[in-house]
Amino acid sequence: MQDAWEQAQRALLCLQVDPVGLGGVWLHAGYGPARQAWLKQLQHLGLNLQRMPHHIDHERLLGGIDLSLTLSQGRVVTHAGLLAQAHQGVVLLPMADKLPSHTLAMLLQAQDQGVVHGAGIQASHPSQFAVVALDESLEDEPGVPAKLKERLAFWLDLQHIDMRQCEAQLEALSEKELTDIQSLLKTLQATPAQLHALCEVAMALGVDSLRAAMLAQRLACVNAALLDHTRVEDEDLQFAVQMVLAPRATRMPASAESAPEEPTPEPEPPADNNNDTDTDNTPPPAEPQALEDMLLAAALASLPPKLLDQLLLGGAKSKTNSSGSSGQAQLSKQRGRPLSPRQGRPGAGARLHLLATLRAAAPKQKLRQKQPGQTVAIRTEDFHVQRFAHKASSCIIVAMDASGSAALARLAEAKGAVDLLLQQSYARRDSVCVIAFRGSQVQTLLPATRSLVRAKKALAGLPGGGGTPIALALKHASEQALALQRAGMTPLLVMLSDGKANVTIEGLGGRTQAQEDAMKWAQQWARLGFASLWIDTAVQPTGHAQELSQAMQARYLPMPYVASQRVADAIAFIR
Amino acid sequence: MANTFPFAAIVGQDEMCMALQVVAVDPTVGGVLVLGDRGTGKSTAVRALADLLPPIEVVLGCPYGCSPKDHHNGCEHCAALKTDKPKTAKRPVPVIDLPLGATEDRVVGALDLEKALSQGVKQFAPGLLAQANRGFLYIDEVNLLEDHLVDLLIDVAASGENLVEREGLSVRHPAKFVLIGSGNPEEGELRPQLLDRFGLSVEVRTPQDLDLRVNVVKRRDAFDRDPDGFKADWADANTKLRQRILKAQKAVAQLEIPDDLLRLCAKLCHALGTDGLRAELTLMRATRAYAALHGAKKVTSAHLRAIAPLALRHRLRRNPLDDTGSGERVQRSLDEVLA
């Protein structure tokens, strides 16, 4: 198997041959020598490379009217957008993990349709391109949105590349070679058996999206053309499986699950069995079966070891990581809903809306006396300013006590109450964040989301048992609240617990210390000044919860028998 | 226009294709909401509609594509025409993509900058809503659409006209379109009001059948290699499908729904506790369109049974958290009512 750097270089060559067909590259790597070396080689490929900053505006992205030229020349001058300029080339997206979702939507629409429509003009331009998305996200960040990632054939991870490795230089294809390879590529096609094998491997690895299989098929052809094969060979398929399918795997293939410790190709025993039975009954399908096994082995060999651990933990985790990122990205956009610009003087926080100003001035140009040399006559009465309607949305942090004392009947009831609460916040378009605490750990079951399906799932899977780490829970809730505030939302805490802390802030046992820690963090919460509600879930309230809630300056609601509707009502009240 | 994949060549996703055909037969059924995973061919199917449907006749030069038959009610352009028999042109059914980040200007329409700057003329440049008139408006990831655009759509989808009062313009134009939305419910919820604007809802899953998947990849590859050749290969099948829809469009006006079937519809909606009469109306129209599509002479309870889950499952007055069971709930009520 090739090492990561060789693969990355190979990806470059493939991209040079067929940028449009392969969709592009997701490059996960921090700023560093490996990334720089790779990008430098990308620049030397001779591809039409357009760098797209993540704060690009629609006019520049899609093309539109060039206002300054139009005004100076007195006729409409349009300019092509970046996407049209990138036709048959590559769009380089630095910080793709931070790309605003509306920009992404435009990008993907153009890539899907191969055509870009200008903003404010009727014309459209062809726009077929590959995307190179640079991802610098850390482990616990959402990273590049899945909808972009899945359109890109190559998922490269250059985070753990040795400095010396990336000194190996790449010989870019010459013009002549490139035309030869591209004309060879046109004649290449995977056989039905090979396609079958690719799809089977994709299914075995739990790669659901059909785009993956299509990209793998394409890559196999490109690789064959690169190696001057006259037909698609096993080697090409192997490469495609390693590059496209293996990184997307969401589960271990059934045959390998029994021996997860050895990712090296050892699915032989089941493969042999299959082959034996097959050859006994029907000889013809034996070959594709062998082909699939070989491809599966290739995929297994290229699964990174860390990924294996993650996969073995079950599909649930990878699911939450892969989806929902676009939902989260929306949070940052809730700061203001743009209103149409209105007439007024800029300044005092109001920003001049250039376009609207020019729009207001444009029809009057003929009437106005222009100074010599002046092309546009703009008067103060034309000034328009940008407006936003700001409606801070709130996010309810639900902290659930899942400890032993709360576990038995209470947990189920509390879940019911939270369900109702979620319904209410759904109606109000609030978001919800659920954290659970038990034993010595606090867990964010669900980062702030508006998706109730996910909230519901997160709650349903919550187990109970263990000590009650109230201090830890409050600490975690405070951190969450501050993060939410930074994102422009108003946090609101709902604590569901009996208040009987018995795990300290260090995560150790000891009732007295635990109570003290809890009190300390309760006071800390009060200092933050966010609203909160404490619902005492104890069967017989003992006063612990009441004391803590007083320290938090929270509303206290004893709820010996948590009545779901009452909880929900109470929350509506403190808002 | 970019090349679109032929509708007839779409493999699998029968429910989605059926729903799209039903609304093509009778646009008054309302929109289609497609929920499901990525990479399942949602966008492909919707964009393929443009090619599938027969071209429509429009008043020549009308920016909203008014029909020559009823050009009196609605747009300014056609109202200003002197004749009763305006010149006409044919053009494909519009299938307009509304991207998530679209500005309000782009959607609603705005002052025509080109004209304003070059000629100093104040004129309205129609937006996406105008372009979508008499066709389809497709919103991918409709559940992530900004609230202000959702508000706008809810209004226009209900009234069938777009009223623009901005930038010194005052324009009213027809905007009757079939709303098609797709999205992944795991990423965000849909506003109940917007949900209500969709007549049918379908759920799509990645096909788990190997041969089907191989077929999808094969056809897509063939299309990518030679779009024109591929389309020519499928032209016959596409034409056949188009004929079927055309026939159904004609037939649907003649089809009567027997009273006892109407009573069944009402009973079903009552049993499921859906709000208002819209559910019944949609159910009735969808059943009729479905029957017409299948060339039936009479609308029967079998047609109702087939289409009811699509028309009702997103309308259940339900716990918004618990949408896993809505399909089954409709099925159960169906079994009870039709028993």
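Strand β11 (residues 198-204) of chain B is largely enclosed by the rest of the structure, because five of its seven residues are buried. Buried means 20 or more other C-beta atoms, placed from the backbone, within 10 Å of the residue's own. This is a predicted model: local features need pLDDT of at least 70, side-chain atom pairs count only at pLDDT 80 or more, and totals for chains, interfaces and linings use all residues. Residues are numbered from 1 along each chain as its sequence is written, while chains are lettered from A and ligands numbered from 1 in the order in which they are written.

**Strand pairing in chain B**
- Strand β1 (residues 31-36) of chain B runs parallel to β11(B), and six bridges join them. Strands pair if DSSP finds at least two bridges between them.
- B:L35 has B:E203 as its bridge partner in β11(B).

**Chain A overall**
- Chain A holds 24 helices and 17 strands. These are DSSP runs, numbered from the N terminus: helices are H or I, at least four residues, and strands are E, at least two.
- Of its 575 residues, 47% count as buried.
- Among contacts in chain A with a separation of 6 or more, 76% join residues 24 or more positions apart. Contact means C-beta atoms, placed from the backbone, within 7 Å.

**Helix packing in chain A**
- Helices α9 (residues 175-187) and α11 (residues 210-226) of chain A pack at about 135°, with axes 8 Å apart.
- A:I181, A:L184 and A:L185 of α9(A) meet A:C221, A:V222, A:A225 and A:L226 of α11(A).

Methods: Buried ≥ 20, exposed ≤ 12 C-beta atoms within 10 Å, placed from the backbone. Contact = placed C-beta atoms within 7 Å. Axes fitted to C-alpha atoms, helices over the stretch in contact; angles between N-to-C directions.
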